[in-house]
Amino acid sequence: MDLGIRGRRAIVCAASKGLGRGCAEALAGAGVELVINARGAEELEATAAALRDLHGVRVTAVAADITTADGRAAVLDACPEPDILVNNAGGPPPGLWSDWSRDDFIRAIDANMLSPIALMQAVLPGMMARGFGRVVNITSAAVKAPIPQLGLSNSARAGLTGFVAGTSRQVASKGVTINNLLPGIHATDRATALDQGVSKGEGISLDEARRRREATIPVRRYGTPEEFGATCAFLCSVHAGFIVGQNIVHDGGALNATL
Ligand code: NAP
């Protein structure tokens, strides 16, 4: 399917690996020019080079912490008028509800709520003026079904979800859509880190921790960044202009709910 976005410009945050990279790859495959971001310059440059080689599109790498004002300014400098914005950042650490301090909450809210909101506030006016825009926020299936040890993520992402619910309806008449894409478990370094926590906590091997988790997923495997990226690229396509303010779960059926 031609996604109809060849030659468009996209910012993909936190994209040197994992789900962000999956989104960047799928957009590059659709002919989109990219500004990709992560903190570590080396891996980011390698990803940019791979995307250029594979898809022949312009890819600019901006090494910066997207959760800081300076980091966001650097990314926006490299792409002041994006047609597409994919918001992403690392997830907060796991823990126990009784242990988190105000500072822990502020850090999580900064990274997973206020940073994507700041980027939307920066790019939405231009998208509306030009009559086309696509924003996809990578959040988490934990927004729909809380993961007990990820309470910081559950909380911060719920705030972002509320902002998107209202804002998406205020910009839609200008050809701009905002949606959230909610990953369940995907085979990335983040998933390995979570499995390592289970392995350590329960005294089982890493393989066993993964097998146990896979058994809870109806498709019996982890998702891939490629599948996730393809869904993101579709949401950024010309065909998705009627999908507004949705929270699309990408989890192999793991969320056991009728609606
Ligand atoms: P990942 O494989 O660990 O990749 C994270 C990417 O984000 C890396 O490129 C990393 O590069 C970059 N990054 C992290 N913090 C950043 C920051 N402050 N500024 C700029 N770049 C940053 O993680 P992932 O699995 O793709 O997860 C992406 C998001 O989806 C996370 O928020 C995670 O909580 C959420 N999620 C993932 C899953 C899953 O199963 N994988 C499930 C639910 C939710 P640098 O470290 O070099 O900055």
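**Figure 1. Ala 14 in the loop between β1 and α1.** Ala 14 belongs to the loop that joins β1 (9-12) to α1; helices (H or I, at least four residues) and strands (E, at least two) are DSSP runs, numbered from the N terminus. Its phi is near 50 degrees, a positive value in a residue other than glycine. Please keep in mind that this is a predicted model: local features need pLDDT of at least 70, side-chain atom pairs count only at pLDDT 80 or more, and totals for chains, interfaces and linings use all residues. Residues are numbered from 1 along each chain as its sequence is written, and side-chain values use heavy atoms, with hydrogens and water left out.

**Figure 2. The shell around the ligand.** The ligand is surrounded by 29 residues, where a residue counts as near if one of its heavy atoms lies within 4 Å. Ser 16, Leu 19, Ala 89, His 186 and Thr 188 are the closest. By class, the shell holds ten nonpolar, 13 polar and six charged residues. Here Ala, Val, Leu, Ile, Met, Phe, Trp, Tyr, Cys and Pro count as nonpolar, Asp, Glu, Lys and Arg as charged, and the others, Gly among them, as polar.

**Figure 3. Backbone atoms facing ligand oxygens.** For polar contacts, look for pairs of N or O atoms within 3.5 Å. A backbone N or O atom of Leu 19 sits 2.7 Å from a ligand oxygen, and for Lys 17 the corresponding distance is 3.3 Å. A polar backbone atom of His 186 is 2.7 Å from an oxygen atom of the ligand. Taken alone, the ligand exposes 880 Å², and the protein buries 90% of that (Shrake-Rupley method, 1.4 Å probe).

**Figure 4. Helices α6 and α7.** The axes of α6 and α7 (residues 206-215) come within 8 Å and cross at roughly 110 degrees; axes are lines fitted to C-alpha atoms over the stretch in contact, with angles from 0 to 180 degrees between N-to-C directions. The two helices are therefore roughly perpendicular (65 to 115 degrees).

Definitions and conventions:
Polar contact = N/O pair within 3.5 Å; in protein donor to acceptor, adjacent residues only side chain to side chain. Parallel < 35°, antiparallel > 145°, perpendicular 65-115°, else oblique.
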